[in-house]
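Hello,

Here is the structure I promised to pass on.

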Amino acid sequence: MKKGKITVIITIAIACFALATVMCMQFKIVKETDITSIETMREEELRTELANWKQMYKEAEEQYKEKESRLKEYKEKQQSSEETSKLIEKELGQTNMYLGKTNVQGPGIQIKIEDTNSDEIKPISAEDLLVIVDYLKLAGAEAISINEKRIINMSDIVYINNSIIYVNQERILSPYVIKAIGDPTNLESTLLGNGGYIELLRNIGFEADIEKDNKIAIPKYNKDIGYKYIK
C-alpha cells in the first residue's frame, strides 16, 4: 500500500508537472503571440500613417504648384494688362494730340500781323488767315493756333459783315498772333520770299513779323468735338 501510494503520488506529481509545463508553454506562446501581434499592428499603423503623410505631402505639393502656377499666371496677366494699359494710354495720348485736345510745345515760329490805319488798305480778313494756315500745313506744321485758339480740322475761321473775324466761334482782334509747331526753317521759308504770303502782306503795307522759337506753346482745342450725323 505504501509503495502503491508513493507510485500514485509520483504519477500525480509528474502529471501535474506536465500539465504545468504545458500551461506555461501555452501562456508563453499566447504572450509571444500578443506581443508579435501588437508589434505587427504598430508597424502597420506606422506604415499607414507614413502613407497618409506621404499622400498629404503629395497633395500639399500639388496645391503649392497649382497656386504657384496661378500666381505666375496672374502676374503675367497683370504685366500684360499694364502693358496693354500703357499702350492704350499712349495711343489715346497720340489721338488726343492729333485731335488737338492736349496742350503742346515744340520748335516752330510765331507770326504777328497788325492791321494798318490806312483807309486805302482793307484789314486782315478771315481769308488771309485761312491762306496762312494752309501754307503752314503744307510746310509740315503739326500744330497751329491763332490768338491762342487751336486750329484743328473742324475749326472754323469766318468773316462776319466783312469786319469781324471768328475762330472756333470766338471773336478775335488785331494783332493776329499765329503760332505753328514744326521745322522753323521750313515754316518760315514757306511764308517768305517769292510767293510767300507774309511777304505779300508786307508789300501791301501790313506789319508782319516772324520769329523762330524752340519753345512754341500752343493750347488745346477748348471746344467739344461732336458729330451730329456720323453714326
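Helix α2 (residues 126-138) and helix α4 (residues 197-204) have axes that come within 10 Å and cross at roughly 145°. Axes here are lines fitted to C-alpha atoms, for helices over the stretch in contact, with angles from 0 to 180 degrees between N-to-C directions; helices (H or I, at least four residues) and strands (E, at least two) are DSSP runs numbered from the N terminus.

This is a predicted model, in which local features need pLDDT of at least 70, side-chain atom pairs count only at pLDDT 80 or more, and totals for chains, interfaces and linings use all residues. Residues are numbered from 1 along each chain as its sequence is written, and side-chain values use heavy atoms, leaving out hydrogens and water.

From α2, Asp-128, Val-131, Ile-132 and Tyr-135 meet Tyr-197, Ile-198 and Leu-201 of α4 (contact means heavy atoms within 4.5 Å).

The largest nonpolar core has 29 residues, and Ile-111, Ile-132 and Leu-136 have the most contacts inside it. Such a core is a set of buried (under 20% relative accessible area, 1.4 Å probe, protein chains only) Ala, Val, Leu, Ile, Met, Phe, Trp, Tyr and Cys residues joined through side-chain atoms within 4.5 Å. Helix α2 gives this core its largest share, five residues. Beyond its neighbours within four places in sequence, Leu-136 touches residues including Ile-109, Ile-144 and Leu-187.

Happy to talk it over!

Best wishes

Conventions: Buried < 20%, exposed > 50% of the residue type's maximum accessible area, 1.4 Å probe, protein only.
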